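I opened my notebook for a quick tour of this fold. Here is what I looked up, entry by entry.

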Amino acid sequence: MIIYPAIDIKDGKCVRLAQGDFEKVTVFSNNPLSVAQNWESKGAEFIHLVDLDGARIGISKNLKVISEIAHELDIPCQLGGGIRTLENIEMIIKAGIKRVILGTAAVQDSNLVREAIDRYNTGIAIGIDAKDNKVAINGWEDFSEYTPLEFGKKMESLGVKTIIYTDISRDGMLSGPNIKSLEEMNKELKDVDIIASGGVTSYDDLKMIEEAGFAGVIIGRALYTSDIDLEHVR
């Protein structure tokens, strides 16, 4: 199981939100590159980047610092947040990102997903961000008609091979993951690697997720608060 340290970028800074609320921001660093280099030095195999400004307004706003991170590290990065077109995907991959995560765009445009998969194959992942059993869009500020499982099955039918599943109600709260929903998703989607995200707080959480057979887990706030020591789990 791959552990993905999360670096959420807003206004060029490394931050964490509580439950996806843009009014509940904690700034952890003014230098996201140094944060990424720190996680790499502690044994990270893959970095999870989120452009929070992009997620909210649908335009990538932090590409300069994101590209800097991708080029300076010796490990791969994946990026989500505001990626809505093939041109945007191409630009991000050219900037050095290994895997592009589609969220709102995947909900709104199945043809984009098909074309992106045809062109970039495993370089495309889908982010399913859920709250109250509905898939959230537009930076978690609106909701679609899909349940997470319905949408996951639809993405699987389009050839998607990687899904990042986030329980928004747990994200940034250090409250533990929604293991029931995670396990349901992992059980039902046979041909997809599921990366668990949201609320991972303890070594017990990590053990539970690993034993459930997930391909990866994203850890954010718990790394920044030292509730989980990356070097200890590598």
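**Entry: a bridge within a helix.** I started with Lys94 and Glu90, whose side chains meet in a salt bridge at 3.2 Å, N to O. For the record, I call it a salt bridge when a side-chain nitrogen of Lys or Arg is within 4 Å of a carboxyl oxygen of Asp or Glu. Both residues belong to helix 4 (residues 86–94) and sit four residues apart, about one turn of the helix. My helices (H or I, at least four residues) and strands (E, at least two) are DSSP runs, numbered from the N terminus.

I then looked up accessibility, where buried means under 20% relative accessible area, exposed over 50%, and partly exposed in between (1.4 Å probe, protein chains only). Lys94 counts as exposed because its relative accessibility is 64%. Glu90, at 30%, counts as partly exposed.

**Ground rules.** I am working with a predicted model, so local features need pLDDT of at least 70 and side-chain atom pairs count only at pLDDT 80 or more, while totals for chains, interfaces and linings use all residues. Residues are numbered from 1 along each chain as its sequence is written, and side-chain values use heavy atoms, with hydrogens and water left out.

**Entry: other bridges.** How many salt bridges does the rule give? I count five salt bridges. One of them joins Lys153 to Glu188, with the closest N and O atoms 3.7 Å apart. That pair links distant parts of the chain, 35 residues apart: Lys153 is in helix 7 (residues 148–157) and Glu188 in helix 8 (residues 179–188). Lys153 is partly exposed at 39%, and Glu188 is partly exposed at 33%.

Next I checked Asp8 and Arg16, which form a salt bridge with the closest N and O atoms 2.7 Å apart. Are these two buried or exposed? Both Asp8 and Arg16 are buried.

**Entry: Val35.** I found Val35 in helix 1 (residues 32–41). Val35 counts as buried because its relative accessible area is 10%. Leaving out residues up to four places away in sequence, Val35 touches Ile7, Cys14, Ser29 and Tyr224; contact here means heavy atoms within 4.5 Å. Val35 and Tyr224 are 189 residues apart along the chain, yet their C-alpha atoms are separated by 9.7 Å.

**Entry: confidence.** The protein chain averages 89, and 93% of the residues score at least 70. Among the elements, helix 1 has the highest mean pLDDT (98) and strand 9 (residues 142–143) the lowest (78). Over residues 170–175 pLDDT stays under 50, and the model has 28 contacts beyond four places in sequence for them. Where pLDDT is low, the predicted coordinates should not be read in detail.

Conventions
pLDDT = per-residue confidence, 0-100.
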